2 protein chains.
Amino acid sequence: MKIAIAQLNFRIADFEGNLNLMKNAITEAERDEVDLIVFSELAVCGYPPLDLLEQRDFIDKCTDSIQILAGCTSKVAVIVGAPVINPNEKGKKLYNAAFLLSDLNIEAVRYKTLLPTYDIFDEYRYFEKNFEFKIVQFRGINIALTICEDIWDDQPVENTFSRTRLYTDSPMDFLIRQHPDIMINISASPFAANRLNAREEVLRQNVAKYRIPLFYCNQVGANTELIFDGSSMVLRPDGSIADRFTPFEEEVRIYVLENLMNPPEAGATETETNLSEEYRIEMMHKALVFGIKDYFRKMGFQRAVLGLSGGMDSALTLVLAAEALGVENVIAIMMPSRYSSDHSITDSVKLAENLGINCRLVKVDPVMDSFLGQLIPEFGGLPEDVTEENLQARIRGVILMALANKMNMIVLNTSNKSEAAVGYGTLYGDMNGGLSVLGDVYKTDVYAIARYINRIAEIIPYNILLKAPSAELRPGQKDSDSLPEYDVLDPILYQYIEMKDTLNAIISSGFQKEVVERVISLVNRSEYKRFQTPPILRVSSKAFGLGRRMPIVARY
Amino acid sequence: MKIAIAQLNFRIADFEGNLNLMKNAITEAERDEVDLIVFSELAVCGYPPLDLLEQRDFIDKCTDSIQILAGCTSKVAVIVGAPVINPNEKGKKLYNAAFLLSDLNIEAVRYKTLLPTYDIFDEYRYFEKNFEFKIVQFRGINIALTICEDIWDDQPVENTFSRTRLYTDSPMDFLIRQHPDIMINISASPFAANRLNAREEVLRQNVAKYRIPLFYCNQVGANTELIFDGSSMVLRPDGSIADRFTPFEEEVRIYVLENLMNPPEAGATETETNLSEEYRIEMMHKALVFGIKDYFRKMGFQRAVLGLSGGMDSALTLVLAAEALGVENVIAIMMPSRYSSDHSITDSVKLAENLGINCRLVKVDPVMDSFLGQLIPEFGGLPEDVTEENLQARIRGVILMALANKMNMIVLNTSNKSEAAVGYGTLYGDMNGGLSVLGDVYKTDVYAIARYINRIAEIIPYNILLKAPSAELRPGQKDSDSLPEYDVLDPILYQYIEMKDTLNAIISSGFQKEVVERVISLVNRSEYKRFQTPPILRVSSKAFGLGRRMPIVARY
């Protein structure tokens, strides 16, 4: 039996486009005499559809798509994910379903049991839990067909407050009693650089426990914040990995089931999981470039504009944007003020030259003076303070938005995760943008990715890598004036945000109590700013945005 | 037996403050020889705590609070809501619990069963469902103690995609078999002007079904977007309403249980629910004023600033802010441009005079010219377009933010729900603000509230009510140039957003197909703007913000 796994890039609510993607894959599979082709979770509508699932029109289109796909299965059978209406009177209105379509019919429908409802996932908002477990039969093969988290039951997650577990056996425990020959899991599992091996471990555990081959089909594609890397996999019954898909790429690959049933031939070397720090940075880099590229494509934009300050964050954002969109589609704007150092211009120009990017200079000071001319009479003689710093940042934000509006571009936000965490940014100023590229990348990782980019040649001028970080909003300002050094700040933030460690746990990792308390206080007290932040490309297990919901009005 | 219901204003994460509120109420209850005092759902930490529930430190403080409260129950027993750790190994880590504290002990703990996971509610993100039902005994009285949604099981909700139901009997069906004498329900149920009678109907249905008295204790207070009106109630076994609490106010009231067991005395008239249009507008007005007031108090700010355009939205926002904060704490800024009509100033000045509010004028044109001086060389000869309109709006936004920063004020956003829905607003311009006052109020309701405010005297100049709505961003511009009239637009929006009706259902309500399609398309295509919107005071069953989660990258 020939099974094809289709790792494709679906677009949310693009029923026609998604159908075409699948139809093309089916046509090719017919040519290759494939028996069964597998598409990912909620493939007909794309993942995550969010509250579109509450619209009846949307669900009807999903149902239509399944009918149309069933009509394409005269030769090749299809497994595909779609929402379906819950026929019961009580419980949530929908199920998250996997369909087996074959011989022009809907042969079987199976529902998802473990509905992730934590971080960016809200599946219980829409879907009812399944409690009936039945294998699917197809051309003499018994298939344990599951959806995403259904094979994650035994997996500990770092935040134990977010379990989605059953009280009884796992879905696979139920299914295995019906003697399946293979496991097929359809997924929509997003990328997280700090959990690169999590999925593989889960897949290995399942195979180790149930001793049958596992076909894992994951969605690829970026949907605003969420980046799906794909990284689909096929495992043999002995637990070895028979194949890995290229991450961040659309691919359809075909397997002869019989060839997978035996252990790999002697001498064949299995691809090991790369867990090096270098690989983590490489994958983060890939994810960010892919995230930018897919956002622009799906929004229907070609061109990006960003402010180039001479600092590390905007330099890296520029390089990533150039990789994603092409140097001809990125414009860098230098907007120095009276507080900017000379090297902010020279370094920026050098970077733009290295990349071959159009770099323009727009002056901030004349506009600043014009604003102050109107505002100083209203300021009632109050001394200079953070107001004037914010004003500079906001003038820059307005300039970028004007250029973006006039020339049909999207402003890329250049803030990093460390400053987003502690609230070092100006709302409606440097916090502007259609997409935040580095908002889930800590400053220390910003440097690591920059070094990775420079591994062969000096693309980002070394001076940018070497100079002390500064917002340059007042004379001689440095980040370290008011923040701990980033190699202290970032690990504290990681423990607090990603790991949700307690104050005492963080202190006992070796940090000063006052420093930890101050950092946590800064994070908590800037929730109101992050409420209005642009969508942030998520590359960790806990990014700012929909996956982290904090009250603004709270006593912190 | 004397039972006190405490409708109090808890602040999220303010453990000390919340404890003090409750301790004071207990002390007073002791004086009045009360047997049992009832506080609302999750009272120890305030509702909604959101992802603070995932922090171990936060949960420990909740546990400590319960211990401290137990120590206050030597005379008066306490019923109070708090999260508790789920002792089971599987399932979500927490329960949403109701404690009975008495004689310095934790006498009983009961868990919530029906966990709302729709709209702004994410309870299944944090809490495990309860499936064990047991009444609570207290001084010879059997109490059916439930939490919020647990008594809503039989209630149809307009959006049938969002049910949180059991497959079996409701929690009260289970409890009634144990012969309770009374029902006590502790709640955190937010205000919605379009569902004013929903809660009362549910309470009446429960009493009609179970024929015992019902004490309903709801939280009061605004927590950023969410406004809790309280409106606690007590019902007699015959279904009549024995008492209603004042909405939007903290109150503790005491009841002698024996007096409630009989029907009301002959001649006593029961307060009827007021479902008039006038009352809906009155309540919306109250909710908005309360929402502003509590936001400022809890954020620790006294003063607000807003832009006064001469239009209806900013006029109403100014009046509401003045009511909430006092006229001395609100500053109105007029920022006319070359496109502003003369009446934009005269009407604004008249309004400010009527209120006795400090009204200042800051010019936009000089700053606009300064921006254009820098930008025109970069615009490459492209013609004037929406860029220049946005630029004006953004200059105004920057001016307001500068004044707010300098004088420690919060900018109030003045956009209404109709324009937020169709995306008529400029990001980082008129969409700025710490809080959106009217973002959940359709334009037709904006007028209705304005007429309500003017019911006795002309506070808002009639000319503002009478003139055609316009953004005044280009010569002679009117909203109706590009939008249907608001009495057509608003009902379409209501059907699409609040009711989630299909396209065909909206058309068959009597609207033109092309108009409906255009409006829906405008709503869908402006999701990216609303992603960065300020928190919006929620006064309906479906506001923009956390309660409505839509993908940005989707094919609309």
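**From the pair of chains to one strand**

Chain B can be laid on chain A by a turn of 180° and a shift of 0.0 Å along the axis, with an RMSD of 0.0 Å. The superposition is by least squares on the C-alpha atoms of residues with pLDDT of at least 70 in both copies. That is the relation of a two-fold axis. In chain B, the C-alpha nearest this axis belongs to Gln532(B), at 2.2 Å from it.

This is a predicted model; local features need pLDDT of at least 70, side-chain atom pairs count only at pLDDT 80 or more, and totals for chains, interfaces and linings use all residues. Residues are numbered from 1 along each chain as its sequence is written, while chains are lettered from A and ligands numbered from 1 in the order in which they are written.

The copies meet through the same surface, because 100% of the interface residues of chain B are also interface residues in chain A.

Now chain A itself. An automatic or database domain assignment sets the bounds: domain 1 covers 2-264 and domain 2 covers 281-479. The centres of these two domains of chain A, taken over C-alpha atoms, are 40 Å apart. In chain A, 11 residues of domain 1 are in contact with nine residues of domain 2 (C-beta atoms, placed from the backbone, within 7 Å). On the domain 1 side, the elements giving two or more residues are β10 (220-223) and β11 (226-229) of chain A.

Next, the strand. Strand β9 of chain A spans residues 214-218. Strands are DSSP runs of E, at least two residues, and helices are runs of H or I, at least four, numbered from the N terminus. Five of the five residues of β9(A) are buried, so the strand is largely enclosed by the rest of the structure. Buried means 20 or more other C-beta atoms within 10 Å of the residue's own, with C-beta atoms placed from the backbone. Leu214(A), Tyr216(A) and Asn218(A) point one way from β9(A); Phe215(A) and Cys217(A) point the other way.

β9(A) has a parallel pairing with strand β8 (residues 182-187) of chain A, over five bridges. Two strands pair if DSSP finds at least two bridges between them. Here Phe215(A) is the bridge partner of Ile184(A).

Technical notes
Two residues are in contact if their C-beta atoms, placed from the backbone, lie within 7 Å. A residue is buried if 20 or more other C-beta atoms lie within 10 Å of its own, exposed if 12 or fewer, and partly exposed in between; C-beta atoms are placed from the backbone.
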